[in-house]
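Subject: Structure handover and notes

Hello,

Here is the structure to go with your sequence. My notes on it follow below.

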Amino acid sequence: MTSQLHADGTLHHLLTLEGLSRDLVEGLLARAAGFLRPAGTAPARSDALAGLTVANLFSEPSTRTRASFELAAKRLGADVVNLDVHLSSRVKGESMLDTVYTLAAMGIEVFVVRDAEAGVPQFVAESVGPGACVLSAGEAHLSHPTQGLLDALTVIRHRRRVDGCAIAIVGDIRHSRVARSTVQAFSTLGARDFRLVAPAELMPDPGEFPGCQRFTDMDAGLAGADVVMMLRIQKERMAETDIPDFDAYFARYGLSARRLKRARPDAIVMHPGPMNRGVEIAADVADGPQSVIREQVTNGVAVRMAVLEAVGLAIIRARGTA
Ligand code: NCD
């Protein structure tokens, strides 16, 4: 398995948050915070990555993750190409490896990869050669590292620290790469009080999420929570017959204003998007004063700038010494 770190411990690829040190995660978050600007002012911009080309290789739909990787790269002066892998080469039978070699031959050095299949980001990382890097933008139900980082940044902006927070994660945890990466990010930063709230069929397998409490009763799981993170029902990862009835689901697991009162009065409400209003979250809560959902999106660009800058500057420096 390709290591995601250089020999000196700095980031080469970002495939998972598993195994990253607290210092490395805190360093990325501090850099990301430095890219945030007050609302209504111009976004942070530099030409630190001028001459670097980034390819977004997405084989699953994406709005915010893809747009935010693209904006992050452009705001650092890099060139960007966007490829819908499921619409282009793969449909014609080209292997992922040939696609990667083709793009590498065009001078692409950063590959941002989203794929429904487990192992694809790692496979691309093994294929690109030492002078290029891979950033996972979502791997199957397994991991979504930049989402975990942006969620951590969002909590830190509101709570100063992640450790000490009670974090309730509600909904389709079983199929959620966001839940997996977010718990990883928060654990690395010292959080210990996680409540997984879901119907039995959407709970992860017993061996997963060690140390997290599990609740099928949402009111009990939300009691005293500082952070309430809602998740979408991932129909695309379920058999037709397993998809719950949405009205019944909202009645038991939807976040209404009444239910939110179970959490702390100053609790923040998060959702990675895309939201299904009226299924997992009521519209008035999604748009209400405790919601930080749009800040998560803003923070996502900053986090991706921090990650791209870290890996991109290493690539540029290595060119100078080659
Ligand atoms: C999530 C994803 O794709 O894993 N969205 C995102 O990246 N913001 C969550 C989801 O699709 O429900």
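In what order do the four strands of the open sheet with parallel pairing come? The order is β2-β1-β3-β4.

Before the rest, the conventions. This is a predicted model, in which local features need pLDDT of at least 70 and side-chain atom pairs count only at pLDDT 80 or more, while totals for chains, interfaces and linings use all residues. Residues are numbered from 1 along each chain as its sequence is written, and side-chain values use heavy atoms, with hydrogens and water left out.

The four-stranded sheet

Helices (H or I, at least four residues) and strands (E, at least two) are DSSP runs, numbered from the N terminus. Two strands pair if DSSP finds at least two bridges between them. In the sheet β2-β1-β3-β4, the edge strands are β2 (79-84) and β4, each of which pairs on one side only. From one strand to the next, the twist averages 15°.

Strand β4 covers residues 133-139, and seven of its seven residues are buried (buried is under 20% relative accessible area, exposed over 50%, partly exposed in between, with a 1.4 Å probe and protein chains only). Its pairing with strand β3 (residues 110-115) is parallel and runs over five bridges. Two of the partners in β4 can be named: Glu139 is the bridge partner of Asp115, and Ser136 is that of Val113.

Helix α4 (residues 120-127) lies on the path of the chain from β3 to β4, and this β-α-β crossover is right-handed. The term means that, with the strands pointing away from the viewer, the path from the first strand over the helix to the second runs clockwise. α4 packs on the sheet, where it touches β3 and β4, and its direction makes about 170° with that of β4. For such values, axes are lines fitted to C-alpha atoms, for helices over the stretch in contact, and angles run from 0 to 180 degrees between N-to-C directions.

Two helix pairs

α4 also packs with helix α3 (residues 96-105), at an angle of about 50° and with the axes 10 Å apart. α3 is therefore oblique to α4 (under 35 degrees counts as roughly parallel, over 145 as roughly antiparallel, 65 to 115 as roughly perpendicular, and the rest as oblique). The crossing of α3 and α4 is right-handed; that is, the near helix is turned clockwise from the far one by less than a right angle, with anticlockwise being left-handed. On the α3 side the contact is made by Met96, Leu97, Val100 and Tyr101, and on the α4 side by Val120, Phe123, Val124 and Ser127. Contact means heavy atoms within 4.5 Å.

The second pair is helix α5 (residues 145-159) with helix α6 (residues 177-188), packed at an angle of about 55° with their axes 8 Å apart. That angle makes α5 oblique to α6, and their crossing is right-handed. Among the residues in this contact are Pro145, Leu149 and Val155 of α5, and Val178, Ala185 and Phe186 of α6.

The five-stranded sheet

Another open sheet has five strands in the order β7-β6-β5-β8-β9, with parallel pairing. Its edge strands are β7 (213-215) and β9 (268-270), each pairing on one side only. The twist here averages 20° from one strand to the next.

Strand β6 (residues 193-197) is mostly covered, with four of its five residues buried. Five bridges join β6 to strand β5 (residues 166-170), running parallel, and one of the partners in β6 is Arg195, which bridges to Ala168. The chain goes from β5 through α6 to β6 in a right-handed β-α-β crossover. β6 is also joined to β7, in parallel, by three bridges, and Val197 has Phe215 of β7 as its bridge partner. Three bridges join β9 to strand β8 (residues 227-230), again parallel; here Val227 is partnered by Ile268.

One arginine

Is Arg259 buried or exposed? Arg259 is buried, because its relative accessible area is 8%. Arg259 is found in helix α9 (residues 257-260). Leaving aside residues up to four places away in sequence, Arg259 touches Met218, Asp219, Leu222, Phe250, Ala251, Arg252, Tyr253 and Gly254. Ser21 is 238 residues from Arg259 in sequence and 36 Å from Arg259 in space, C-alpha to C-alpha.

Regards
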